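My entries follow in the order of the look-ups.

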Amino acid sequence: MNIPNFYEEIIAFGALLFAVAAVYFMLKWHYQFAFGLMKNTASYEKHKFKIDKAKHYLFFILKVLLWFGLIGMFAFGSYYLSEGMSLKVLLFETWAEIPEGFWLEALFIIIRIAVIIALSRYVLKFVYAFLDKNQKKAIENRCASCRETTIVKRYTYLHNMVKYTVLLGILYRITLFFPFLDVISRGLWILLILYFIVSVGLLAVNGLTIMKEKRGA
């Protein structure tokens with residue numbers, strides 16, 4: 001391998017390692033957004049320790065996966081070069097297989113995803129504030145035989161229903177942008193419907209409990 005080609009191969013090698021790191025930072029940003037949504041909920045302070053612990057372990061696992069990915073890519077690149085093959089040629093051949101207009105479409109997809117996430121956070125902020133305000137009023141104006149825990153449970157269900165329905169909806173919408181994630185998007189759609197049905201069922205049961213408590217007044 002002559003010197004000019006050597007530097008080109010090193011650059012190609014670095015590009016592969018950078019791609020692994022880029023995937024890590026995208027996942028990290030995604031989960032930071034997901035945990036950021038939880039901070040806007042009334043139950044966050046109550047379960048703050050558990051949520052922070054789960055966040056710590058999740059990001060630790062992501063770091064472990066990053067190192068496995070970097071080590072795996074380094075081993076692959078080293079083996080590829082040791083066999084006399086060119087990483088530069090591999091990258092250009094892979095690049096050539098990308099359809100025309102892909103990157104422009106990818107840019108629009110990223111912009112749309114960013115807009116969806118930004119709008120979701122903005123809307124959720126007001127929805128959570130509205131729910132918290134109504135929860136406080138419901139507790140203050142509850143009947144003598146109505147338990148505070150029943151009301152808190154109802155608004156916890158509402159918080160979780162809004163939070164996870166929006167989160168699953170965002171993930172579903174993101175996967176729709178990528179045709180190769182069709183199976184995952186279908187799975188998310190089914191999960192979204194099932195979660196919504198279960199949430200409505202829990203709210204209905206809670207509503208019946210509140211009605212029974214009122215009748216017992």
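**Terms and source.** I call a residue buried under 20% relative accessible area, exposed over 50%, and partly exposed in between, with a 1.4 Å probe and protein chains only. This is a predicted model, in which local features need pLDDT of at least 70 and side-chain atom pairs count only at pLDDT 80 or more, while totals for chains, interfaces and linings use all residues. Residues are numbered from 1 along each chain as its sequence is written, and side-chain values use heavy atoms, with hydrogens and water left out.

**Fold.** I took helices (H or I, at least four residues) and strands (E, at least two) as DSSP runs, numbered from the N terminus. The protein chain has six helices and zero strands. I found that buried residues account for 26% of its 217 residues.

**Helix α5.** I checked the length of α5, residues 148–176. The expected span of a helix is 1.5 Å times one less than its number of residues. For the 29 residues of α5 that gives 42 Å, and the end C-alpha atoms are 42 Å apart, so the two values agree. I then listed the buried residues of α5, among them Y155, H159, K163, L167, I170 and I174.

**Cores.** I searched for nonpolar cores (sets of buried Ala, Val, Leu, Ile, Met, Phe, Trp, Tyr and Cys residues joined through side-chain atoms within 4.5 Å). The largest has seven residues: F33, I109, I113, I117, L167, I170 and I174. Helices α4 and α5 are the elements that give two or more residues to this core. I also noted a second, separate core of six residues, including Y24, F59, L62 and L70.

**Aromatic pairs.** Rings of Phe, Tyr and Trp (its six-membered ring) pair if their centres lie within 6.5 Å; planes under 30 degrees apart count as stacked, over 60 as edge-to-face and the rest as tilted. I counted four aromatic pairs by this rule. One of them is F13 with F74, stacked at 5.4 Å centre to centre with 20 degrees between the planes. F13 is in helix α1 (residues 3–38) and F74 in helix α2 (residues 48–82), so the pair ties together parts 61 residues apart in sequence. F13 is buried because its relative accessibility is 10%, whereas F74 is partly exposed at 48%.

Y164 and Y195 also pair, edge-to-face, at 5.9 Å centre to centre and 80 degrees between the planes. Y164 sits in helix α5 and Y195 in helix α6 (residues 182–215), 31 residues apart. Y164 has a relative accessible area of 29% and Y195 one of 23%, so I logged Y164 as partly exposed and Y195 as partly exposed.

**Salt bridge.** I required a side-chain nitrogen of Lys or Arg within 4 Å of a carboxyl oxygen of Asp or Glu. The search of the whole structure returned one salt bridge. I found the side chains of K88 and E8 in a salt bridge, 2.8 Å from N to O. This pair links distant parts of the chain: K88 in helix α3 (residues 87–96) and E8 in helix α1, 80 residues apart. K88 is partly exposed at 27% relative accessible area, and E8 is partly exposed at 30%.

**Open item.** How exposed is L119? L119 belongs to helix α4 (residues 102–140), and I logged L119 as exposed because its relative accessible area is 51%.
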